[in-house]
Amino acid sequence: MSLRLMEPEAGNNGTAVTELILLGLVETETLQPVVFVLFLFAYLLTVGGNLSILAAILGEPKLHTPMYFFLGNLSVLDIGCITVTVPAMLVRLLSRKRIISYEACLSQLFFFCLLAGMDCFLLTAMAYDRFLAICRPLTYSTRMSQMVQWILVAVSWAFAFTNALTNTIALTTLNFCGPNEVNHFYCDLPQLFQLSCSSTQLNELLLFAGGFIMAGAPLVLIITSYIHVLAAVLQIRSAEGRKKAFSTCGSHLTVVCLFYGTGIFNYMRLGVGVFNTVINPMLNPLTYSLRNPDVQGALWRVLVGRRSLA
C-alpha cells in the first residue's frame with residue numbers, strides 16, 4: 001500500500017500523512033470472513049441486548065429508579081462505544097480497503113475517548129448510588145433525587161468531553177510524515193504516538209494525567225464506596241438481608257471489574273482493544289439481565305407486550 005502525503009505547507013519542513021492504514025486483527029485473507037461474521041454477530045448482539053435493557057427500563061415503572069436510570073445511560077454508552085469502532089471495521093473487511101482518512105481517524109479517536117471516559121464516571125455514579133442506598137438509606141431519596149441524577153450525568157459528560165477534546169487537539173499538533181500503518185483496528189492514542197515524527201512527550205503527559213483523572217480517581221472512589229458498603233452489609237444480622245444487599249451490587253461490581261480489567265489488559269499492550277470496544281458492551285446487558293430478576297421480568301413483559309400493574 002502506497003503512502004499518501006500532502007505537499008509541505010509554508011514554514012513546515014516536513015510532510016503530513018492524509019491517510020492511515022488500519023492493520024486490523026488478522027493479516028490472513030482466509031480468516032477475514034470469519035472475523036467479519038464474529039464481529040457482526042457481536043455488534044448485533046450488543047445493540048440488541050442494550051436496546052432491550054433500555055426498553056425494559058422505559059416500559060417498566062418499577063425500574064424508574066436511580067440505579068436503572070444510570071444503567072439506561074450505560075446501555076446508551078455501550079451502543080455508542082461499539083458503533084464508533086466496529087461498523088467501520090466491518091466495512092473495511094467487506095471492501096478489503098484498510099485506509100482511513102486522517103480526519104476520520106481524529107473523529108473516531110475523539111468519540112472513543114469521550115464514551116470511554118463517560119463510562120468511568122457513570123460507573124462511579126452507580127457506585128455512589130449503591131453506597132447511599134445501603135449506607136444512607138434514610139436520606140437516599142433526597143441525596144439521589146432526580147435533579148442529582150441529572151447533575152451527575154451532566155458533570156460526567158462535561159469531564160469526558162473536555163478530556164477527549166484536549167487529547168484530540170493535542171494530537172493535531174504532532175507531525176505524521178510516515179510510516180502510516182496503525183497496528184490496531186481503530187484509531188487510539190498509543191498507536192498513533194508511535195507514528196509521529198515529532199516529540200510526543202506533552203501528549204503522553206496529557207494522556208497520563210487524563211488517565212489518572214478519568215480512570216484512576218473514579219476507581220479510587222468506587223473502591224472507597226464499596227469498602228463502606230461491605231462494612232454496612234456485614235453489620236446486617238440476617239443472612240437473607242446480607243444476600244439481598246450484595247445482590248444489588250453484584251452486577252455493577254462485575255461490570256467494573258470487566259471494564260477496568262480489560263482496560264489495563266489493553267493498555268499494557270497485551271491485547272488489541274477487542275475487550276474494551278466489543279466484549280464489554282456485549283457482556284454488560286447480559287450481566288444485568290442474568291443477575292437481576294426485576295430486569296428479567298421487565299424484559300419478558302416487553303417481549304409479550306404486557307405492562308406491570310405496579
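The model is predicted, so local features need pLDDT of at least 70 and side-chain atom pairs count only at pLDDT 80 or more, while totals for chains, interfaces and linings use all residues. Residues are numbered from 1 along each chain as its sequence is written, and side-chain values use heavy atoms, with hydrogens and water left out.

A search of the whole structure finds one disulfide, meaning a pair of cysteine sulfur atoms within 2.5 Å. Its partners are Cys105 and Cys187, whose sulfur atoms are 2.0 Å apart. The pair links distant parts of the chain, 82 residues apart: Cys105 is in helix H3 (residues 102-135), and Cys187 is in the loop between strand S3 (181-182) and helix H6 (189-193). Helices (H or I, at least four residues) and strands (E, at least two) are DSSP runs, numbered from the N terminus. The torsion about the S-S bond of Cys105 and Cys187 is about -125°, so the disulfide is left-handed.

Both of these cysteines, Cys105 and Cys187, are buried. Buried means under 20% relative accessible area, exposed over 50%, and partly exposed in between (1.4 Å probe, protein chains only).

Turning to the rings, the structure holds 10 aromatic pairs. Rings of Phe, Tyr and Trp (its six-membered ring) pair if their centres lie within 6.5 Å; planes under 30 degrees apart count as stacked, over 60 as edge-to-face and the rest as tilted. Tyr128 and Phe131 are stacked, because their ring centres are 6.4 Å apart and their planes are at 25°. Both lie in helix H3, three residues apart. Phe131 is buried at 14% relative accessible area, whereas Tyr128 is partly exposed at 31%.
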